[in-house]
Protein chains: 2
Amino acid sequence: MDIKPGIPQPSLSRLPLYYRFLVQASELGKEVVSSEEMGQALSLPAAQIRKDLSYLREFGRPGVGYAVNELLGSLEEFLGLANDKEAVVVGAGRLGQALASYPGFEGYGLRIVALFDSDPAKVGQEVAGRRIFPLAKLPNLVARLHIQMGIVTVPAEAAQAVVDAMVAAGITVIWNFAPVRPHVPEGIWLQNEDLAARLATLSYHVVRHAGKQRRELAGSGRS
Amino acid sequence: MDIKPGIPQPSLSRLPLYYRFLVQASELGKEVVSSEEMGQALSLPAAQIRKDLSYLREFGRPGVGYAVNELLGSLEEFLGLANDKEAVVVGAGRLGQALASYPGFEGYGLRIVALFDSDPAKVGQEVAGRRIFPLAKLPNLVARLHIQMGIVTVPAEAAQAVVDAMVAAGITVIWNFAPVRPHVPEGIWLQNEDLAARLATLSYHVVRHAGKQRRELAGSGRS
């Protein structure tokens, strides 16, 4: 969590949306797109898009727009999408299996090469063509293949030990789906993807909305 | 996307972390916690925690800390965790099945009551005790049970039609895992959970880190 990138995280998180939009535009044979067009398609303000893209380098001609293929190339380079990246998944439960077979990742240059699980009943099975290995094999495989990314889909109580094992094996970027926030040493990039916590923020909106509906119903009943 | 809550989204997204910490503290019999303690456990600045919690209402005594059970109750009320909420999942593939059986949700009052899929081969099966129904049954079941939340785990090309069907059926809060940004009418809360886009931002860190390592190796080689 200690790498300080030059681009703010919210801007960084929107770049993949632009990338996907541009891939489609390119496939449709478009050569130039405006920030207004992108904004309309992505429900984002055009000024926001121009600002986000300005982190790449100076781009776009006012009143003319962005050259689709040029911008695509820059985004690929900036996001590192052209490089092939390999990752392992630790935790071969339903979520781990879902991620291992998620079709959207390959477009971003990610290949999940193996899954690991501590359950002997799962070891040896295959998920979408990837083998499930025993946890003890993690250090060797990660070191041998120079794997840089680890995806954690184990229960909360096992997460810290798995993260520690990943770091010890040489993994530097960790995507954690366990509902805890593991500690990592300096220089390791950890992204927590806490689905239950995300759900709780949605819960807030469900309740707010239900309250609004009740008030509206009460209001219309009185009128 | 047009509901404007009084609390900023980043603060809202941290409240579940505090909630989980306090549940554990309460189970351990703790009666009071300080923002410093919470900050240390969650790797967050104590000042940030105090600011986030100030959106609930005036809380905490300087130098004394937060009363665990009082704060727990306020968080439950604020986040609507005490209310039972029911949701449906549309798309009974691996990700849909993973979410339907995700154990973390029940602690936040969410019950996934049914899955829907357009694949006749899946219809009639059960996932973690929930039945998979044909898509055509969605409007009836959602209206009859007054379901407010829909979870979308269909492929990109099917997502807009599924979101439209959910909105028509009366769903007001949508959690979308398809890698597109569907359009929704005013008053509907849509949260996009784009795993591939999230992956792309991690890709950025993998490449940055690999570059740094190469430079370090090159540097040590010269010395």
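Is B:Tyr102 buried or exposed? At 12% relative accessibility, B:Tyr102 counts as buried, because the limit for that class is under 20%. The views below come from a predicted model.

**View 1. Aromatic ring pairs around B:Phe105 in chain B.** Over all chains, the count of aromatic pairs comes to twelve. In one of them, the ring centres of B:Tyr102 and B:Phe105 lie 4.8 Å apart with the planes at 55°, so this pair is tilted. B:Phe105 is buried, at 2% relative accessibility. The ring of B:Phe105 also pairs with that of B:Trp175: here the centres are 5.9 Å apart and the planes stand at 55°, so this pair is tilted as well. B:Trp175 is buried, with a relative accessibility of 0%. B:Phe105 sits in the loop between helix 5 (94-100) and strand 4 (110-117) of chain B, while B:Trp175 belongs to strand 8 (residues 173-176), so the pair ties together parts that are 70 residues apart in sequence.

**View 2. A cluster of aromatic rings in chain A.** The cluster is linked by ring pairs and consists of A:Tyr102, A:Phe105, A:Trp175 and A:Phe177.

**View 3. Helix 6 and helix 7 of chain B in contact.** The axes of helix 6 (residues 138-145) and helix 7 (residues 156-169) of chain B come within 9 Å and cross at roughly 40°. The crossing is right-handed. On the side of helix 6, B:Leu138, B:Pro139, B:Val142 and B:Ala143 make the contact; helix 7 contributes B:Ala165, B:Met166 and B:Ala169. By class, these residues are seven nonpolar, no polar and no charged.

**View 4. Positive phi at A:His146.** A:His146 is a residue other than glycine, yet its phi is positive, near 55°. Most residues other than glycine have a negative phi. A:His146 is placed in the loop that runs between helix 6 (138-145) and strand 7 (149-152) of chain A. With a relative accessible area of 68%, A:His146 is exposed.

**View 5. Positive phi at B:Ala128.** The phi of B:Ala128 is near 50°. B:Ala128 lies in the loop between strand 5 (126-127) and strand 6 (130-134) of chain B. Its relative accessible area is 40%, and B:Ala128 is therefore partly exposed.

**View 6. Chain A and chain B superposed.** A rotation of 180°, with a shift of 0.0 Å along its axis, brings chain B onto chain A at an RMSD of 0.0 Å. This is the relation of a two-fold axis. Both copies use the same surface, as 100% of the contact residues of chain B recur in chain A.

Definitions and conventions. Residues numbered from 1 in each chain as written. Chains lettered and ligands numbered in written order. Predicted model: local features only at pLDDT ≥ 70, side-chain atom pairs only at ≥ 80, totals over all residues. Heavy atoms only, no water. Axes fitted to C-alpha atoms, helices over the stretch in contact; angles between N-to-C directions. Helix = DSSP H or I, 4+ residues; strand = E, 2+ residues; numbered from the N terminus. Left-handed = near helix turned anticlockwise from the far one by under 90°. Contact = heavy atoms within 4.5 Å. Nonpolar A, V, L, I, M, F, W, Y, C, P; charged D, E, K, R; others polar. Least-squares fit on C-alpha atoms with pLDDT ≥ 70 in both. Buried < 20%, exposed > 50% of the residue type's maximum accessible area, 1.4 Å probe, protein only. Phe/Tyr/Trp six-rings, centres within 6.5 Å; stacked < 30°, edge-to-face > 60°.
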